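Q: Could we go through this structure together, one region at a time?
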Amino acid sequence: MKYVTPLSDAEITTLQQMHAHHPSRRDRMRAHSLLLSHQRYPIPQIARLYQVDQRRVPAWMARWQAWGFVGL
């Protein structure tokens, strides 16, 4: 099973803040998806939660890996 690479405490805090306060629903969803992956939720479960195609979640993770917060 594929998961996001372990997040630092600072990344977790920032992603939690994004999830709670970002004006864009899409950005809040992506931030929360990364947090769930960090907690070892499987991709199919995250995709079901947000009602997106299962290919979207790994794409978000790949953008995170490549560009960090800018990729979200």
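**Contacts and burial**

A: Not counting residues up to four places away in sequence, methionine 1 touches Pro42, Ile43 and Pro44, where contact means heavy atoms within 4.5 Å. The model is predicted: local features need pLDDT of at least 70, side-chain atom pairs count only at pLDDT 80 or more, and totals for chains, interfaces and linings use all residues. Residues are numbered from 1 along each chain as its sequence is written, and side-chain values use heavy atoms, with hydrogens and water left out.

Q: Is methionine 1 buried or exposed?
A: Methionine 1 counts as exposed because its relative accessibility is 67%; exposed means over 50%, buried under 20%, and partly exposed in between, with a 1.4 Å probe and protein chains only.

Q: Where is methionine 1 found?
A: Methionine 1 lies in the segment before H1; helices are DSSP runs of H or I with at least four residues, numbered from the N terminus.

Q: Which residues of H1 are buried?
A: They are Ile12, Leu15 and Met18. Seen down the axis of H1, these buried residues fall within an arc of 125°, so they line one face of the helix; the arc is that of the directions from the helix axis to the C-beta atoms.

Q: What covers the buried residues of H1?
A: The cover includes H2 and helix H4 (56-67).

Q: Changing topic, which helix holds serine 33, and what is serine 33 in contact with?
A: Serine 33 is in helix H2 (residues 25-38). Apart from neighbours within four places in sequence, serine 33 contacts Ile46, Tyr50 and Trp60. Serine 33 counts as buried, at 3% relative accessibility.

How values were computed. Helices (H or I, at least four residues) and strands (E, at least two) are DSSP runs, numbered from the N terminus.
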